[in-house]
Amino acid sequence: MHPLRRRGPLPLLLVSCLVITAPLFAQSSPAPLPIQPPLHDGAHDFDPLLGNFTFNLHYMLHPLTSSPDWTDMTGTGACYKVWNGRANLDTVELDSAQGGHMEGLTLRLYDPDARQWRLYWANSRIGRLDPPQVGDFRDGHGDFYTTDTINGKTTLIRFDWTRMTSGTPHFEQAFSPDGGKTWEVNWITNQTRTSDAVWGQPQPGRRSTPPPGSEPPPPSTARDGQHDFDFDFGTWKMHIRRLLHPLTGSTEWTEMEGTTVTDKIWDGRANLATVEADGPTGHLELLSLRLYDPRAHQWNISFATSDSPVLGSPSVGGFTDGRGEFYDSELYHGRNILVRFSIWTVSPDSVRAEQAFSADGGTTWETNWINTYTRVGDKSSD
């Protein structure tokens with residue numbers, strides 16, 4: 001992760017103390033502090049990726065193994081604006097001459113306080129987000145870093161973006177097993193913009209195949225729920241009731257009115273729901289990225305708001321008899337609690353969703369967020 005480039009001025013009290021305790025015979029004025037340039041506001045640094053693109057991918061089959069084997073894939077992708085450009089969703093579908101197929105997405109969220117981006121990648125074969133890459137752009141060059149376990153060893157991972165405004169952006173991924181002393185580039189992508197993007201065009205629809213030589217996991221006996229969220233595609237009017245102080249015994253609620261739009265990804269095996277709502281407590285911008293894991297036959301749901309653009313721990317679960325329930329464990333006011341998210345259809349044009357907390361391991365639950373939806377638009381991306 002890049003360090004911040006600007007250090008703020010010394011606190012006023014500290015500056016005063018330094019002046020007061022200086023020797024009385026020192027008559028010269030202290031040297032002025034250097035003026036640091038403001039941090040670059042990168043909220044629109046990824047705007048050049050918006051639209052439809054063709055892709056050429058060159059990648060290493062076995063990174064960090066001294067293997068010289070590389071392969072190539074070609075295909076198409078589309079990048080869609082979210083939160084007026086302060087977030088975006090990038091989808092890609094690629095094929096190799098050997099018959100391999102890759103279907104992936106990247107959700108990018110901009111943090112206006114840190115002035116950094118978080119990049120979350122997922123492959124439809126797995127249906128789970130990788131650890132986010134975090135970083136920013138400097139002079140048109142974007143570097144983003146994270147750590148992950150590669151071949152059983154903690155490894156630094158770098159994403160590198162260049163040529164952003166050329167119409168032919170260039171991307172590289174590199175691994176470092178030695179703390180950044182050396183880097184091995186293992187993924188090179190060149191893409192060419194072809195047109196503006198409309199949701200669902202192109203619409204990836206074929207799940208990724210396993211890498212060459214790997215054994216597929218044994219089939220799950222659970223019900224295949226890859227289209228359980230199809231009912232949610234489209235535009236909805238929503239009413240929100242929210243408990244202001246959960247797990248305190250408070251019964252003070254507030255209400256909001258807004259709109260939510262759910263768009264299809266990967267032919268329904270993923271989707272993105274965006275929410276805008278207003279009420280006495282202010283304005284809400286929220287998104288929910290839902291990914292289907294075909295191995296476990298479960299959904300992974302991650303949430304973020306525009307004022308806190310970091311995806312939290314995913315809620316994991318599925319649908320039974322038309323009702324979806326998803327769970328995760330989180331810290332709340334310093335204590336670990338269970339969180340449950342539920343959603344179900346009330347009628348063809350109405351849906352209800354609730355969030356509840358449990359501080360006693362699931363023995364009791366307190367509902368603290370209730371959404372009611374009424375359809376106002378046709379299903380999108382059909």
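Colleague: Which residues lie nearest the centre of the second largest pocket?

Modeller: Please note that the model is predicted. Leu286, Phe303, Thr305, Gln355 and Trp369 lie nearest the centre, within a lining of 46 residues. The space in this pocket is about 1,100 Å³. By class, its lining has 23 nonpolar, 16 polar and seven charged residues.

Colleague: Which strand gives the largest share of that lining?

Modeller: Strand E14 (residues 282–293) does, with seven residues.

Colleague: How many aromatic pairs does the count come to?

Modeller: Rings pair if their centres lie within 6.5 Å. The count comes to 24 aromatic pairs. Among them, Trp161 and Phe171 form a tilted pair, 5.0 Å centre to centre with 45° between the planes. Trp161 belongs to strand E8 (residues 153–162) and Phe171 to strand E9 (residues 170–176), so this pair ties together parts 10 residues apart in sequence. Both Trp161 and Phe171 are buried. They also belong to one aromatic cluster, whose members include Phe46, Tyr110 and Trp117.

Colleague: Which residue lies over the face of Phe46?

Modeller: Arg108 does, at 4.7 Å from the ring centre. In another case, the charged end of Arg241 sits over the ring of Trp253, 4.4 Å from its centre.

Colleague: Why does Thr262 count as buried?

Modeller: Buried means under 20% relative accessible area. Thr262 counts as buried because its relative accessibility is 1%. This residue lies in strand E12 (residues 253–265), and a polar contact of 3.1 Å joins the side chains of Thr262 and Asp232.

Notes
Residues numbered from 1 in each chain as written. Predicted model: local features only at pLDDT ≥ 70, side-chain atom pairs only at ≥ 80, totals over all residues. Heavy atoms only, no water. 1 Å grid on protein atoms, 1.4 Å probe; cavity = no way out; pocket = protein on both sides within 12 Å on 5 of 7 lines; lining within 4 Å. Points joined across faces, edges and corners; volume = space filled by probe spheres on them. Helix = DSSP H or I, 4+ residues; strand = E, 2+ residues; numbered from the N terminus. Nonpolar A, V, L, I, M, F, W, Y, C, P; charged D, E, K, R; others polar. Buried < 20%, exposed > 50% of the residue type's maximum accessible area, 1.4 Å probe, protein only. Polar contact = N/O pair within 3.5 Å; in protein donor to acceptor, adjacent residues only side chain to side chain. Phe/Tyr/Trp six-rings, centres within 6.5 Å; stacked < 30°, edge-to-face > 60°. Lys NZ or Arg CZ within 6 Å of the ring centre and 35° of its normal.
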